[in-house]
Amino acid sequence: MEQNQKQIKVTVRNMTKKFGDLLVLNDISFDVKKGEFLCVVGPTGCGKTTFLNCLTNLYQPTSGEILVDNVPVDLRKQNIAYIFQEYSTMPWLTVEENVGYGLKIKQVPKAEAQQAINEVLEVVGLEKYRKFYPSELSASMQQRVVIARAFATKPDLLLMDEPYGQLDIDLRFRLEDELLKLWKANGTTVIFITHNIEEAVYLSEEILVLTNKPTSIKQKINNLLLQPRNVVSPEFAALRNEVTELIKWW
Amino acid sequence: MSKYIDLKNVSKTFVSKRGVHEVVKNVNFTVDENELLVIFGPGQCGKTTLLNLIAGLEPISEGEITVAGKKVEKAGPARGVVYQKTALFPWMTVMGNVSYGPTSCGKKKVDSHEIAQHYIDLVGLSGFEKSFPNQLSGGMAQRVGIARAYANQPAVLLMDEPFGHLDAQTRYLMQEELIRVWEQEKRTIIFVTNNIEEAIYLADRIIVITNCPTTVKGEYQIRLPRPRVYTDPDFLKLRAEISDFVDKSI
């Protein structure tokens with residue numbers, strides 16, 4: 001375990017992305033350790049989503065190198081899950097089928113898949129809705145389906161792009177806690193992008209603060225607050241204020 | 001002067017082929033002159049309808065609304081509205097948009113331009129007078145919307161989730177700006193939002209309303225000194241208290 005803590009899961013070296021003449025990502029380098037929870041924050045429009053898309057090779061970076069487990073990232077071979085900002089459920093599948101989709105693609109045996117589905121449905125509190133279709137669910141429930149689908153495959157690397165951006169505050173707190181539970185249970189490496197500083201301080205072990213375009217790394221902050229964290233505590237407020245100051249452009 | 005705006009037993013029903021739809025039910029509240037009242041409630045709870053009734057854009061089914069002692073019967077320049085979608089005239093410059101109200105109320109061009117310039121300066125858009133809406137960012141366009149509403153010099157400003165579609169950070173900035181403008185030129189403002197942080201940051205008083213049909217569920221006088229700080233323990237305590245209340249009452 002001690003050894004695992006020190007292993008590097010993701011290596012980003014000199015990642016640069018240009019769209020035509022527009023330089024979006026400017027020479028970004030960092031590492032993420034295995035099992036680490038990294039939050040990425042930055043000013044609006046600084047290219048956070050482009051950053052994640054390059055990381056998964058959805059966009060080809062213009063230059064630089066991205067390694068997962070020391071090999072170039074390959075979504076077909078590596079066990080990576082990506083949760084988008086929009087609720088990307090498949091409307092023609094039931095909750096259960098949505099959640100099991102990744103397992104089916106990975107050809108996990110049926111009994112084993114069913115067990116994994118049951119487990120994650122319980123965690124996100126959707127056991128009673130397994131036969132429902134996405135259109136019959138509220139927005140926040142749909143997002144829980146997406147989260148369950150990502151977790152069902154027990155990914156080694158989970159990428160999340162502002163997954164809770166549209167949710168109201170109570171639900172956001174609940175889902176953050178669920179995410180932490182799942183992260184701890186599975187030892188997943190998480191890269192979580194958010195514009196919500198409170199969320200970043202609540203979840204992260206490390207916070208990567210990005211600059212305005214062309215985006216580079218402004219600072220990496222080690223978040224040592226003990227979990228479970230209390231958003232009202234003075235230490236929490238101090239860190240939240242510190243990060244907010246770093247991204248404030250006005 | 002107290003009870004500047006007075007809603008007495010206000011109800012609104014829409015009748016369609018599919019039946020009678022009761023949207024606002026027996027709402028009573030008053031707003032003091034120059035008070036910043038926030039109406040807070042979840043999505044689709046009839047907040048916009050309520051605001052339209054006060055603006056005089058929709059006829060009331062039952063009850064009565066008075067502003068400064070006069071019964072609201074139709075829309076008028078005394079009540080300016082700022083919408084979520086900025087609703088600027090795309091073929092007009094910033095100056096054209098902001099001076100539109102005073103010009104159409106019969107003011108001379110020179111005078112209405114002078115008034116418009118004052119409010120363009122006040123919202124921090126000096127230098128952008130000749131820009132067109134499509135050349136502005138979301139936050140800037142919303143400032144034009146605020147300047148345009150102010151330029152009519154209405155006694156009452158009705159704001160319908162004006163920052164709802166802005167990203168979190170621009171939203172913070174615009175909240176600061178609105179308070180700054182309002183403190184320089186006080187108006188009676190009714191501000192509708194579904195964002196609890198925004199409600200507490202802005203309000204003199206918050207009215208909590210709940211789902212269709214809209215009814216008033218609770219009221220909070222916000223006594224925190226301005227400028228308010230999102231990480232202030234009293235702010236966070238209030239946030240928890242109100243969101244807990246909303247959770248329980250829906």
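This report covers the domains, cores, strand pairing, chain contact and selected residues of a predicted model.

## Domains of chain A

Ten residues of domain 1 of chain A and nine residues of domain 2 of chain A make up the contact.

Helix 6 (residues 169-186) of chain A supplies the largest share of the domain 1 side, four residues. That side consists of six nonpolar, two polar and two charged residues.

## Domains of chain B

In chain B, the assignment gives domain 1 (5-78 + 156-249) and domain 2 (88-153). Here the C-alpha centres of the two domains lie 25 Å apart. The contact brings 13 residues of domain 1 of chain B against twelve residues of domain 2 of chain B.

On the domain 1 side, helix 5 of chain B has the largest share, with seven residues. By type, this side of domain 1 of chain B holds nine nonpolar residues, three polar and one charged.

## Nonpolar cores

The largest nonpolar core counts 67 residues. Ile54(B) and Ala147(B) have the most contacts inside it. Helix 4 (residues 138-151) of chain B is the top contributor to this core, giving eight residues. Both domains of chain B take part: domain 1 (5-78 + 156-249) and domain 2 (88-153) each provide at least three residues.

Ala147(B) shows the packing at residue level. Leaving out residues up to four places away in sequence, Ala147(B) touches Val98(B), Tyr119(B), Ile120(B), Leu122(B), Val123(B) and Leu125(B). Another core, of 61 residues, lies apart from the largest one. Val10(A), Leu55(A), Ile80(A) and Val201(A) are among its members. In soluble globular proteins, nonpolar side chains tend to be buried together.

## Strand 7 of chain B

Strand 7 (residues 156-160) of chain B is largely enclosed by the rest of the structure, because five of its five residues are buried. Both faces are covered. Val156(B), Leu158(B) and Asp160(B) are buried on one side, and Leu157(B) and Met159(B) on the other.

Strand 7 of chain B has parallel partners. Four bridges pair it with strand 6 (residues 79-82) of chain B in the parallel sense. In that pairing, Leu157(B) of strand 7 stands opposite Gly80(B). Strand 8 (residues 188-193) of chain B also runs parallel to strand 7 of chain B, joined by five bridges. There, Asp160(B) has Val192(B) as its bridge partner. Between strand 7 and strand 8 of chain B, the chain passes through helix 5 (residues 168-184) of chain B, in a right-handed β-α-β crossover.

## Contact between the chains

Twelve residues of chain B meet twelve residues of chain A. On the chain B side, helix 5 and helix 7 (233-249) are the elements that give two or more residues. Helix 7 of chain B gives the most, with five residues. The chain B side divides into five nonpolar, four polar and three charged residues.

## Cis peptide bonds

In chain A, a cis peptide bond links Gln227(A) to Pro228(A), with omega about -5°. Pro228(A) sits in the loop between strand 10 (217-222) and helix 8 (234-247) of chain A.

In chain B, Arg226(B) and Pro227(B) are joined by a cis peptide bond, with omega about -5°. Pro227(B) belongs to the loop between strand 10 (215-221) and helix 7 of chain B.

## Selected residues of chain A

Asn57(A) is not a glycine, yet its phi is positive, about 70°. Asn57(A) lies in the loop between helix 2 (48-55) and strand 4 (63-68) of chain A. It counts as partly exposed because 15 C-beta neighbours lie inside 10 Å. Gln107(A), also not a glycine, has a positive phi near 55°. Its place is the loop between helix 3 (95-105) and helix 4 (110-123) of chain A. Gln107(A) has 7 C-beta neighbours inside 10 Å, so it counts as exposed.

Leu23(A) is part of strand 2 (residues 22-33) of chain A. With 16 C-beta neighbours inside 10 Å, Leu23(A) is partly exposed. Beyond residues up to four places away in sequence, Leu23(A) touches Lys18(A) and Pro214(A). Tyr101(A) is 78 residues from Leu23(A) in sequence and 37 Å from it in space, C-alpha to C-alpha.

Terms used. Residues are numbered from 1 along each chain as its sequence is written. Chains are lettered from A and ligands numbered from 1 in the order in which they are written. This is a predicted model: local features need pLDDT of at least 70, side-chain atom pairs count only at pLDDT 80 or more; totals for chains, interfaces and linings use all residues. A nonpolar core is a set of buried Ala, Val, Leu, Ile, Met, Phe, Trp, Tyr and Cys residues joined through C-beta atoms within 7 Å. A residue is buried if 20 or more other C-beta atoms lie within 10 Å of its own, exposed if 12 or fewer, and partly exposed in between; C-beta atoms are placed from the backbone. Domain bounds come from an automatic or database domain assignment. Two residues are in contact if their C-beta atoms, placed from the backbone, lie within 7 Å. Ala, Val, Leu, Ile, Met, Phe, Trp, Tyr, Cys and Pro count as nonpolar, Asp, Glu, Lys and Arg as charged, and the others, Gly among them, as polar. Two strands pair if DSSP finds at least two bridges between them. A crossover is right-handed if, with the strands pointing away from the viewer, the path from the first strand over the helix to the second runs clockwise.
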